[in-house]
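Dear colleague,

Please find the structure below, followed by a short account of the findings. I would be grateful if you could read the two together.

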Amino acid sequence: MTDAQPSPAADAQPAAADGQSTAERAYHHVRGRLLDGTWPGGTLLSEGVVAIDLGLSRTPVREAFLRLQSEGFLRLYPKRGAQVVPIAPGEARDVLAARVLFEHGAVDALADRGPEALTAAAAELRAACEHADPHPVEAGRHFHLTLLRAAGNPVLASLYETLWDRQIRISAAATATRAHAAEDHAEHRALADALAVPDPALARALITAHADSLLARIR
């Protein structure tokens, strides 16, 4: 297990201005670093270190740890702290399989509406590839949600969005290096280009290959 290091002091800002309770502030601080891969699976977190990092007492951090344990992100050990629960290969496979089903359905819905719908979605996805968010996980989230929303079914888009807390952990593990992030971006561009042709069969194949690539990086 690896120990988490304190984040920059800039994180330790008062929470009163935005109305968050100290427990909420601690929760969002820890959860954000779990989701973006700063603290990968196996990392041992200390209540005291996180409390000092945030300028808080241990109590709100303990509450945050308990909440994140109930959500499956942490495993608590008395007097030792909390361990980040690693992503199991089976979990990654199942979540990515669900993602492929949603995205194949989005491509099929666009194809049913005709070439114009496919090329219009391609334009939106090309713009999403240039999304200004510097974090590759959030940029990826924006890209994939753009595809689901372009398909025109808000119910499916909303359901797909609920997958993202689990997907983000997986995506963070799969885009941990600049090379991985660049590969992810190139695969997004290829999907947008396939829809621009338009070639929905190729787009479906690229969606499957993209998920397989993410799973291979995690393994």
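Over which ring does the charged end of Arg 80 sit? The ring is that of Tyr 77, with the charged end 5.7 Å from its centre. Likewise, Arg 67 lies over the face of Tyr 27, at 3.6 Å from the ring centre. A charge counts as over a ring if NZ of Lys or CZ of Arg is within 6 Å of the ring centre and within 35 degrees of the ring normal.

This is a predicted model, in which local features need pLDDT of at least 70 and side-chain atom pairs count only at pLDDT 80 or more, while totals for chains, interfaces and linings use all residues. Residues are numbered from 1 along each chain as its sequence is written, and side-chain values use heavy atoms, with hydrogens and water left out.

A search of the whole structure finds one aromatic pair (ring centres of Phe, Tyr or the six-membered ring of Trp within 6.5 Å). Phe 102 and Tyr 160 form this pair, 5.6 Å centre to centre with 65° between the planes, which is edge-to-face (over 60 degrees; under 30 is stacked, the rest tilted). Phe 102 belongs to helix α4 (residues 89-113) and Tyr 160 to helix α7 (residues 154-162), 58 residues apart; helices are DSSP runs of H or I, at least four residues, numbered from the N terminus. Tyr 160 counts as buried because its relative accessibility is 0%, whereas Phe 102, at 21%, counts as partly exposed (buried is under 20%, exposed over 50%, partly exposed in between; 1.4 Å probe, protein chains only).

Definitions and conventions. Helices (H or I, at least four residues) and strands (E, at least two) are DSSP runs, numbered from the N terminus.
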